[in-house]
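Please open the model in a viewer that can select residues by number.

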Amino acid sequence: MHFDPWYTVAAAGLTVPVLLLVGGRRDLLAYVAAYFFVFGFGPVVSYLLGGSIYFGTNTMLIGRASLGLLLAFAAVLAAGLLVRQRRDLRDPLSSEVDHHYPLVPVVLAALTLYATVVLIVGGTGFLAGTKLDRIGVAGPGHYDYLLLEMLACSLYFLAARTSVGRFAYRLNLVVYVAYCLSTGERDFVFVLFALILHRELVTGRSMTRPIMAGIALLLGATVLFGLRGGGPTDAGQVLNQGSVLFVDTWVMTHVPSVDPFQHGASYLHALVNLVPGHPQVPLSEWLVERYAPGSDSGYGFSLTGEAYLNFGLAGIPVLFAALTLVHRLLVNRIDRSPVYAYLSLLFTVAWMYGFRGESASLLKTVVYGLVFYGVIRLVSVQAREAVPACA
């Protein structure tokens, strides 16, 4: 069956304006969907315009892969319209303080110190070589540090309550961005975008800043992608962020003709992977073993590709509808408790990051994030009197 990609691009593109029209210009989901659109349909548009796309993409299945993405956007739109974002959200920083969190600045300071030491010790080693070379210079704690930074940066609404917390948060954020730039990682793009979205959402100011910031971060990610890959950095690269289209067409080429549907096995593995001592083979490695055995390259994966791997096209809208409902649940409670403010920011980052990954990484980030917050909360001190938080 043939599907015209142009129709799917146009149909999916309606998700953002419809959400903004119905939910208002402050609908956070609309801006997250815009991010998904660029990373999902960008390569499709590039191909249709005669530009370059990720090497290895099965062009014969771009239409089918586009349909899968369209189903994801349709699910986001349907769930987003079913559960609307509250329009009376208050700034969590304006709520009364019932606990103090002394561990927050300590954690931020520790991460700042760790990254600073790595950058100093690595020195000129970060100035040359491939991304893998620079990660090698960073040492074995590289990926653990990136995960901890996602969790720590989600503490914004707790850190910003005190002058010490605000200073520690800002300093850590600067060093974190410097670390990512030095190692060729783009994780900070998701963190900064989600942080700006949440801050502007609750302050009641115009959403112009997040839009401009999103464009700037996209361009910055494009430049970083070009530099770390050693290839050209041009306008076409803006449409070729990530490998979602490559992953989706590859999965659709081999499943179920070569490999059978997993019928939920990868999601079960994601749960088992949370248990210490029971690591599961990531889907990204599963892909490399079949596509380029012995290669040290990383192709990532995609949430749409994983849904198709398990249940075919029917699995894609179910997954994205569920993720959208969780996102709405957290955002609509952002001003009711510090844990919701933290989780709303963390889940937004994890979902944006996981869009080009797999359920295991998204679930790990959220579950470990809950444990992380639990420790922060466990050592908190109850305030003697509830007082207004620092602005």
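**Aromatic contacts and helix packing**

Begin with Tyr 35, which is buried, its relative accessible area being 8% (buried means under 20% relative accessible area, exposed over 50% and partly exposed in between, with a 1.4 Å probe and protein chains only). The model is a predicted one, in which local features need pLDDT of at least 70 and side-chain atom pairs count only at pLDDT 80 or more, while totals for chains, interfaces and linings use all residues. Residues are numbered from 1 along each chain as its sequence is written, and side-chain values use heavy atoms, with hydrogens and water left out.

Now consider the aromatic pairs, of which a search of the whole structure finds 22. Rings of Phe, Tyr and Trp (its six-membered ring) pair if their centres lie within 6.5 Å; planes under 30 degrees apart count as stacked, over 60 as edge-to-face and the rest as tilted. Helices (H or I, at least four residues) and strands (E, at least two) are DSSP runs, numbered from the N terminus. Phe 190 is buried as well, at 2% relative accessible area.

Next, select Phe 36 and Trp 351, an edge-to-face pair with 5.1 Å from centre to centre and 65 degrees between the planes. Here helix α3 supplies Phe 36 and helix α18 (residues 338-354) supplies Trp 351, 315 residues apart. Phe 36 is buried at 3% relative accessibility, and Trp 351 is buried at 0%.

Move on to helix α15 (residues 283-291), where Leu 283, Trp 286, Leu 287 and Val 288 are buried. Show also α13 (244-254), α14 (265-272) and α16 (303-311), which are among the elements covering these buried residues.

Finally, display helix α5 (residues 103-122) with helix α19 (residues 359-378). Which residues meet between α5 and α19? Leu 103, Val 104 and Val 107 of α5 meet Phe 372, Val 375 and Ile 376 of α19, contact meaning heavy atoms within 4.5 Å.
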